[in-house]
Amino acid sequence: MITAKIVGTGSWLPKKTVTNADLEKVLDTSDEWIVSRTGIRQRHVIGEQETVSNMATYAAQRALSMAGIKAQDLDLIVVGTVTGDVEFPAVACLVQGNLGASRAFAYDVRAVCSGFVFALSNALAYHQCGRVKRSLVIGVDALTRTLDWTDRSVAILFGDGAGAAVLVSDEEEGHGVFSTHLRSDGALWDLIYYPGEEGRHPCSGVKLEGGRFLRMCGNKTFKVAVSELANITLEALAANHMGIDEITWVIPHQANRRIIDAVGKRLGMPAEKFLVNIDRVANTSAASIPIMLDEANRQQKFASGDVLLLCAFGSGLAWGAALIRW
Ligand code: ACO
């Protein structure tokens with residue numbers, strides 16, 4: 001069976017940072033509350049003149065440079081994002097144009113915080129059926145543009161950024177990205193949603209009180225996230241006849257440090273196996289997993305043969321996992 005091996009990673013964070021101390025000045029909140037409830041200390045925030053497609057392009061250029069692959073040799077670009085600067089075209093097409101990846105076909109996947117894992121699963125399927133040999137998978141978002149900065153329940157949680165991975169087809173059995181598992185539950189769509197500029201109810205179309213901002217029922221989302229992230233991990237392992245001890249590293253979606261700790265506890269996995277950067281970057285939605293992947297890769301954390309579990313959860317609801325043998 002053909003799989004897809006990650007041969008390059010890259011990431012990009014906007015220069016501007018907003019610390020908990022900055023938020024304390026404008027919101028009824030405290031560094032102590034934010035750190036103890038979420039693990040977040042600061043977040044990077046996209047500037048007015050910066051664009052989502054540029055963040056994605058910078059991350060992609062770093063990944064291509066590490067891979068030693070030219071943009072013109074890419075067959076596919078797939079981007080997980082819900083915050084393109086324009087409604088269309090796809091961010092993936094803008095990235096393609098920026099890179100000059102003229103042979104590739106390019107499109108976006110809208111799975112919010114699970115966008116990178118869904119996009120990776122898409123790319124893997126093209127590799128497996130022989131349609132592509134070299135692909136670029138990106139997760140990028142600027143959820144800070146969807147926030148009401150006076151709403152302390154969400155303003156503290158999010159940051160912006162981009163992460164990318166370059167994949168090449170590989171015929172070595174069980175190597176590379178070898179298994180992906182995706183789930184959705186649209187019955188729970190109203191736990192996290194962004195009605196958009198018009199501020200309309202997603203089903204009825206009626207104008208919402210309180211306008212256009214991201215809304216989240218944090219408490220309920222927390223509980224579903226913990227149980228489904230644990231379930232999808234067990235499902236991925238069972239499908240591959242693997243035990244929990246065979247996972248070397250977990251790269252979880254960075255939404256809340258307490259969610260990550262609770263998943264580890266539920267699975268009986270030591271905290272040291274979970275790679276976490278939420279303190280510095282907060283929840284960057286689709287960029288969360290590939291930013292952490294790139295940071296750890298550049299710190300040379302992964303040895304050949306290590307098993308990585310990526311697991312994501314977010315609005316949709318949509319969640320998923322990917323297993324990778326490095
Ligand atoms: N500072 C101080 N107090 C606050 C803040 C704040 N920033 N925010 C809320 N509070 C208060 C509340 O008003 C409440 O006060 P009360 O008890 O007087 O009513 C109290 O703190 C507790 O509020 P909870 O909402 O119950 O706090 P909780 O411990 O659940 O933490 C949080 C909230 C951090 C949002 C958590 O629920 C969470 O992380 N949820 C999951 C988020 C997630 O996984 N999202 C998925 C991905 S996002 C996406 O897909 C776009």
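**Entry 1: the two domains.** I began with the overall layout and found the protein divided into domain 1 (3-170) and domain 2 (176-325). A reminder to myself: this is a predicted model. I looked up the distance between the centres of domain 1 and domain 2 over C-alpha atoms, and 14 Å separate them.

**Entry 2: where the domains meet.** How many residues of domain 1 are in contact with domain 2? I found 49 residues of domain 1 in contact with 45 residues of domain 2. The area buried between the two domains is about 3,700 Å², and carbon and sulfur atoms give 65% of that area. Next I looked up which elements give two or more residues to the side of domain 1 that touches domain 2; among them are β1 (3-12), α3 (52-67), α5 (115-128) and β7 (160-170). The residues on this side divide into 22 nonpolar, 18 polar and nine charged. I then searched across the interface for salt bridges, and the rule finds zero. For polar contact across the interface, the rule finds 21 residue pairs.

**Entry 3: the ligand.** Which residues come nearest to the ligand? Of the 28 residues around the ligand, I noted T29, R37, N219, N256 and S315 as those that come nearest. I looked up three of these residues in turn.

- T29 has a polar side-chain atom 2.6 Å from a nitrogen atom of the ligand.
- R37 has an N or O atom in its side chain 2.7 Å from an oxygen atom of the ligand.
- N219 has a polar side-chain atom 2.5 Å from an oxygen atom of the ligand.

**Entry 4: salt bridges.** Searching the whole structure, I found 10 salt bridges. One that I looked up is formed by R152 with D28, where the closest N and O atoms are 3.4 Å apart. R152 lies in helix α6 (residues 152-155) and D28 in the loop between α1 (20-26) and α2, so this pair ties together parts that are 124 residues apart in sequence.

**Entry 5: backbone details.** Most peptide bonds are trans, and most residues other than glycine have a negative phi. With that in mind, I went through the backbone. A cis peptide bond joins F88 and P89, with omega about 10°; P89 lies in the loop between β4 (76-80) and α4 (91-99). Another cis peptide bond joins G316 and L317, with omega about -15°. I placed L317 in the loop between β12 (307-314) and β13 (318-325). Where is A282? A282 is in the loop between α9 (278-281) and α10 (288-298), and its phi is near 60°, a positive value in a residue other than glycine.

Terms used:
Residues numbered from 1 in each chain as written. Predicted model: local features only at pLDDT ≥ 70, side-chain atom pairs only at ≥ 80, totals over all residues. Heavy atoms only, no water. Domains from an automatic or database assignment. Contact = heavy atoms within 4.5 Å. Buried area = accessible area lost by both parts, 1.4 Å probe. Salt bridge = Lys/Arg side-chain N within 4 Å of Asp/Glu carboxyl O. Polar contact = N/O pair within 3.5 Å; in protein donor to acceptor, adjacent residues only side chain to side chain. Helix = DSSP H or I, 4+ residues; strand = E, 2+ residues; numbered from the N terminus. Nonpolar A, V, L, I, M, F, W, Y, C, P; charged D, E, K, R; others polar. Near = heavy atom within 4 Å.
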